[in-house]
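Dear colleague,

Please find below the structure that I am handing over to you, together with its sequence. My notes on what was found in it follow directly after.

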Amino acid sequence: MSLRALDVSWSRGGAAIVNGIRVEVEPGSTLGLLGPNGSGKSSLLRLLAGLRQPSSGRVLVDDVDITGIGRRALARRIALVDQESTTELDITVTEVVSLGRTPHRSSWGTARDTDAEAVRRALMHADLEALADRRWHTLSGGERQRVQIARALAQQPTELLLDEPTNHLDIAHQFALLELVRRLPVTAVVALHDLNLAATFCDGLVVLQRGAVVAAGSPAEVLTEDLVRTVYGVECAITKPNPEGPPHIRFTGTATHA
């Protein structure tokens, strides 16, 4: 396993936000994190990225506890794309994406040809070449989201963690982004709200509720009408138009008893 959380818990203000979670991500796969708001998805991603220390349990990368890996070395390995990123600096798209190269640069911060190539490829993958010279403050919310994803790609991680990456994106860019994640030679963990997107693009799913795992497995195993009713409080009909394809969820109304 390239990335694992072993019985990880994390509390804030005396309240358990992540409670005894065990997650194992297969190398090269895309794992979807599902659950309603407040279920612990964002907190778990930060624990996996090493940005928060668990109150109990361990996070391992290739069987090495990430607490024993230096921050710079960990940043070369794991990249996290938050839901929202802001900056007051008046900088261009290319300069924002170049920040992803920071962990790879020498202590003098000198850019190399390899840095420029990594930035160029990241801009290309995120369909941002036409915006390379635009100023950050002129971008729309969706454009900023794509820039932050490009910054993470420039980091050249082996593990890519994305927190609601399809927020602010139109349907075409939602599909393009998740297709890109699937093509990249990385292990990806993606927090999503859209269950049909998760079913289409994720190899496996983990569903959280009140900080704990309530279901895990393939999309066909996890996404059941009973689970959607119990976790989300919504009635639905689940079909499989293509026997070899993902399940499709059609929402039919609010559940009487959530």
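How many bridges join strand 6 to strand 7, and do these strands run parallel or antiparallel? Four bridges join the two strands, and the direction is parallel. Please keep in mind throughout that this is a predicted model.

**Strands 6 and 7**

Strand 7 covers residues 159–163.

The loop between strand 7 and helix 6 holds E164. Most residues other than glycine have a negative phi. E164 is not a glycine, yet its phi is positive, at about 50 degrees. With a relative accessibility of 2%, E164 is buried.

**The largest pocket**

The volume of the largest pocket is about 320 Å³. Its lining consists of 15 residues, and those closest to the centre are L51, A75, I78, L80 and Q155. Which elements give two or more residues to this lining? They are helix 2 (71–77) and strand 6 (78–81). Sorted by class, the lining has nine nonpolar residues, three polar ones and three charged ones.

Strands of a sheet pair through backbone hydrogen bonds, either parallel or antiparallel. Four strands of this model form an open sheet in the order 2-1-4-5, with antiparallel pairing. At the edges are strand 2 (15–25) and strand 5 (64–65), each of which pairs on one side only. Strand 5 is joined to strand 4 (residues 56–61) by two bridges, in the antiparallel sense. Here L60 stands opposite D65, a residue of strand 5.

**Helix 1**

Is helix 1 largely enclosed or largely open to the outside? Helix 1 spans residues 41–48, and seven of its eight residues are buried, so the rest of the structure largely encloses it. The buried residues are K41, S43, L44, L45, R46, L47 and L48. After the helix comes G50, which has a positive phi near 80 degrees.

**One aromatic pair**

The structure holds one aromatic pair. A pair of aromatic rings is described by the distance of the centres and the angle of the planes. For F175 and F201, the ring centres are 5.4 Å apart and the planes stand at 75 degrees, so the pair is edge-to-face. The cut-off behind this step is that planes over 60 degrees apart count as edge-to-face. F175 belongs to helix 6 (residues 171–183) and F201 to helix 7 (residues 195–201), so the pair ties together parts that lie 26 residues apart in sequence. F175 is partly exposed, with a relative accessible area of 37%, whereas F201 is buried at 7%.

**Two further residues**

R210 is located in the loop between strand 9 (204–209) and strand 10 (212–217). This residue has a positive phi of about 50 degrees although it is not a glycine. Is R210 buried or exposed? Its relative accessibility is 67%, so R210 counts as exposed.

T230 is part of helix 9 (residues 225–232). The relative accessible area of T230 is 40%, which means that this residue is partly exposed. A polar atom of the T230 side chain lies 2.9 Å from the backbone oxygen of D226. From T230 to L178 the separation is 52 residues in sequence and 27 Å in space, taken from C-alpha to C-alpha.

With kind regards

Methods
Residues numbered from 1 in each chain as written. Predicted model: local features only at pLDDT ≥ 70, side-chain atom pairs only at ≥ 80, totals over all residues. Heavy atoms only, no water. 1 Å grid on protein atoms, 1.4 Å probe; cavity = no way out; pocket = protein on both sides within 12 Å on 5 of 7 lines; lining within 4 Å. Points joined across faces, edges and corners; volume = space filled by probe spheres on them. Nonpolar A, V, L, I, M, F, W, Y, C, P; charged D, E, K, R; others polar. Phe/Tyr/Trp six-rings, centres within 6.5 Å; stacked < 30°, edge-to-face > 60°. Buried < 20%, exposed > 50% of the residue type's maximum accessible area, 1.4 Å probe, protein only. Pairing = 2+ DSSP bridges. Polar contact = N/O pair within 3.5 Å; in protein donor to acceptor, adjacent residues only side chain to side chain.
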